[in-house]
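Me: I would like to learn how to read the packing of helices and chains in a model such as this one. Could you take me through it feature by feature?
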Amino acid sequence: MTAQPAISNPREFRTLLSGEAATLADWTGHFDWRRIGAHVAVITMGAGLYGAAMGWWRDPLQALFVGIKLPLILLLTALGNALLNAMLAPLLGLNVTFRQSLAAVLMSFAIVAAILGAFSPLLAFAVWNAPPMMSDVKSTPVYGFIKLSHVVVIAFAGIVGNARLFQLLVQLGRSHTVARRVLVAWLAANLFFGSQLTWICRPLIGSPHLSVQFFREGAFKSNFFEDVSHTVTRFFDDWD
Amino acid sequence: MPPPLGDDPADREPVLNPITAVEAILRQPRRVMYQLRQPGAGRLISSMLFVTVACSLVYGVIVGSFSGGLQWWAAPVKISVGLLICALICLPSLYIFGCLSGAQVRVREMVGMVLGLLMLMTILLIGFAPVAWLFSQSTEQIVWMGVLHLLFFAVATGFGLRFLDAAFSHAQARSAVGLRTWVIIFVLVMLQMSTALRPLLGRSDDFLPTKKRFFLNHWGECIKDAERADRNRVND
């Protein structure tokens, strides 16, 4: 038996990004620890670099913290939902194993991280051109521009990652309907878990009013959805 | 659809030194594109890098001649380094856009394409250099000179991007949307770089600016300063 080449091979990296569904489906069929390791490495590097660019504006130490936190969020989301995703897929009509579902999710996260990593020099350049983060930063157009740039880049990476995952699911299940169902279920689970992880891992861009820290005080004392519900309640209370 | 690279025997002639590289990119760009795909492309890439640095330094001297003093050496260094940093910052996103659109391009070839873009740009800037020098010596209006240099850069960039587009068309990409998006990013980064490394024209005690600005704000300030200076001159 010949060993599967790892993603460190540039051609395999191109295959991953260009979304050659048949090849990617073959990869998930032949579970290879080296390839999984390579996907994890791409996630760590790509999201790490992007995280560093994100936190750099506040402080170099914040860059280091976010460079660690962002890959952690992606990896923990993939691992935390691995079992659930593997159970949901057959229930919704896609007969894949635990390993296959984990490999597919890691693959899509690796695509997202690779895109984020490629855009990190551009974001770092934008931060380099921004004035230092002062107390009135949130009212400046620069803050708006940098925040919007993050939204655009992350949304683009997310859309591409999910589009590639959808193509892979179609290839695995031979049905658009089943693939759509599984993708929506996986997305819902990942969004639910991922948003809470991101909430815990605040601050990401950072605030000039708050000290640079890995986790905010009370990071484990509230949750994202609780905060959203409070905001909604306050909105309607003010309306009255 | 352009004929495949290498079909014409002229495409297969090796590019051995910087002078041949300049000649090839102006007269036979397909030859450069073909040679970038061959095993010994490192030599061509080095030649292209050399020409880019040399031409940008020469054009930088012309830019610096407007103010003289520190700018004689600061402007060439800033233009040369600035262009290379722009390429370095934008290269990863070009590679990702290429891969996402299914282009069959290796990293080395991508580096060569971007260097081709820079080389063609800087060669054309050398063509504009005598005109730029004449105006540098015969006007004191900084805004006017700024607009003139921007115009020359715009024309040179346009031709450089045309080369990149032609090189990409041989990469079997499914769509050109990624490349078009990247072009916008590249142009914006170049414009911002010109502000981040200011002053390229005009005098300053500092090599680099102490205040960060967005390029549109900077241009606005320059125009206001020029208007103020004009008004003062009229009042005097």
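This is a predicted model: local features need pLDDT of at least 70, side-chain atom pairs count only at pLDDT 80 or more; totals for chains, interfaces and linings use all residues.

Me: What is the angle at which helix 1 and helix 5 of chain B pack, and how far apart are their axes?

Reply: Two packed helices are described by the angle between their axes and the distance between the axes. In this case helix 1 (residues 18-27) and helix 5 (residues 107-138) of chain B pack at about 90 degrees, with their axes 10 Å apart, and these two helices of chain B are therefore roughly perpendicular to each other. On the side of helix 1 of chain B the contact is made by B:Val22, B:Ile25 and B:Leu26, which meet B:Gly116, B:Met119, B:Leu120 and B:Ile123 in helix 5 of chain B. Sorted by class, the residues of this contact comprise 6 nonpolar, 1 polar and no charged.

Me: How should I read helix 4 and helix 7 of chain B: are they roughly parallel or antiparallel?

Reply: The axes of helix 4 and helix 7 of chain B come within 10 Å and cross at roughly 165 degrees, so the two helices of chain B are roughly antiparallel to each other, and their crossing is right-handed. Among the residues of helix 4 of chain B in this contact are B:Ile85, B:Ile89 and B:Phe97, while those of helix 7 of chain B include B:Trp182, B:Phe186 and B:Met193. By class, the contact has 14 nonpolar, 5 polar and no charged residues.

Me: Which helices of chain B supply at least two residues each of the side that touches chain A?

Reply: One starts from the count of residues: 15 residues of chain B are in contact with 15 residues of chain A. Helix 4 (71-100) and helix 7 (177-196) of chain B each supply at least two residues of that side of chain B, and the largest share, 7 residues, comes from helix 4 of chain B. The side of chain B that touches chain A has 10 nonpolar, 3 polar and 2 charged residues.

Technical notes:
Residues are numbered from 1 along each chain as its sequence is written. Chains are lettered from A and ligands numbered from 1 in the order in which they are written. Two residues are in contact if their C-beta atoms, placed from the backbone, lie within 7 Å. Helices (H or I, at least four residues) and strands (E, at least two) are DSSP runs, numbered from the N terminus. Ala, Val, Leu, Ile, Met, Phe, Trp, Tyr, Cys and Pro count as nonpolar, Asp, Glu, Lys and Arg as charged, and the others, Gly among them, as polar. Axes are lines fitted to C-alpha atoms, for helices over the stretch in contact, and angles run from 0 to 180 degrees between N-to-C directions. Angles under 35 degrees count as roughly parallel, over 145 as roughly antiparallel, 65 to 115 as roughly perpendicular and the rest as oblique. A crossing is left-handed if the near helix is turned anticlockwise from the far one by less than a right angle, and right-handed if clockwise.
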